[in-house]
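Please look over the model shown here before reading on. The note is meant for someone who has not seen it before.

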Amino acid sequence: MKPTHHKLLNTIALLFMLVMNTLAVSLPIGGKTTGELSDLYPNLFVPAGFTFAIWSVIYLLLVGFIAYQWIVSDDKSKVEKIGNWFVLNGLANGSWIVAWHYELVPVSIVIMLVLLGSLIMMYRKLNINYFGKYGIKWLVYTPISVYLGWISVATIANFTTVLVSYGWSGFGISEDVWAVVVLIVAVILGSLMLYRHKDIFYAGVIAWASYGILSKRLADTVAMDAKIEHTSQVALYIMIIGILLTITIGILGKRKSQISN
């Protein structure tokens, strides 16, 4: 496929995402807003409402991502390496909105896995590393990192919603313990991304989600929330410390490399 075709299809995919998400708010699709639908399946992993404002950041970054494709003239740029994965992601993004708003919860998790899988493939194709020797293309790396970070969190939340919708009892384990386990998994993912890819933005999203969960639990007076409050607070601190250490080590490494050269 010619590079121009890639650019055009990716642009159409982004427009599809934006239109579907706008309709989800303005109509709304299915007669309920995304927030109202989330309230139908209450669980302790869902963060405070303000946390979802990150979607505005994601879409702004994706606009920059698409603009970069049209500005950069090198046909062998990193953007070209993602092939049709961005198009698949755009279709999945808009389709998830439809499935969610029509309360097709099992279908929504299948689509969410397509979303997650396509982002993982883009991430691998781009070989993202924020302190690598090849330099950073901010308008290419950052949108994918932030998007993947949030979809990682959203996939966990979507799975939880499916289980809640089917009245899953958690194998006899209390809801707050499951929420703690899920938070720990999110922190492990963030830590791995810091270690392997120096991805401060992915980890930043995990920190943001942890803060959102902490805020929602602090606003609730239910006693069983105490475990989640403490875990989300620790998760937030771990991610912040990890990000600061990664930045510090990365900068020092760059300076050492420049001096040796």
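1. Basis. This is a predicted model, in which local features need pLDDT of at least 70, side-chain atom pairs count only at pLDDT 80 or more, and totals for chains, interfaces and linings use all residues. Residues are numbered from 1 along each chain as its sequence is written, and side-chain values use heavy atoms, with hydrogens and water left out.

2. Overall fold. The protein chain has 9 helices and 0 strands (DSSP runs: H or I of at least four residues for helices, E of at least two for strands, numbered from the N terminus). Of its 261 residues, 47% count as buried (under 20% relative accessible area with a 1.4 Å probe, protein chains only). Among contacts (heavy atoms within 4.5 Å) with a separation of 6 or more, 80% are between residues 24 or more positions apart.

3. Helix α5. Asn127 follows α5 and has a positive phi, near 50°.

4. Asn93. This residue is found in helix α4 (residues 85-101) and is buried, with a relative accessible area of 3%. Leaving aside neighbours within four places in sequence, Asn93 is in contact with Met17, Asn21, Trp55, Tyr59, Leu115 and Tyr147.

5. Nonpolar core. The largest nonpolar core has 71 residues, and Phe45, Leu62, Phe65, Phe86, Ile144 and Tyr147 have the most contacts inside it (a core is a set of buried Ala, Val, Leu, Ile, Met, Phe, Trp, Tyr and Cys residues joined through side-chain atoms within 4.5 Å). Helix α6 gives the most to this core, with 13 residues. Leaving aside neighbours within four places in sequence, the contacts of Phe86 include Leu62, Phe65 and Met122.

6. Largest pocket. Its volume is about 1000 Å³ (the space filled by probe spheres set on the grid points, which are joined across faces, edges and corners). A pocket here is an open set of points on a 1 Å grid over the protein atoms alone, where a 1.4 Å probe fits, with protein on both sides within 12 Å along at least five of seven lines; lining residues have an atom within 4 Å of a point. Of the 40 lining residues, Thr34, Gly35, Ser38, Phe52 and Trp55 are the closest to its centre. Helix α6 gives the most to this lining, with 7 residues.

Technical notes. Buried < 20%, exposed > 50% of the residue type's maximum accessible area, 1.4 Å probe, protein only.
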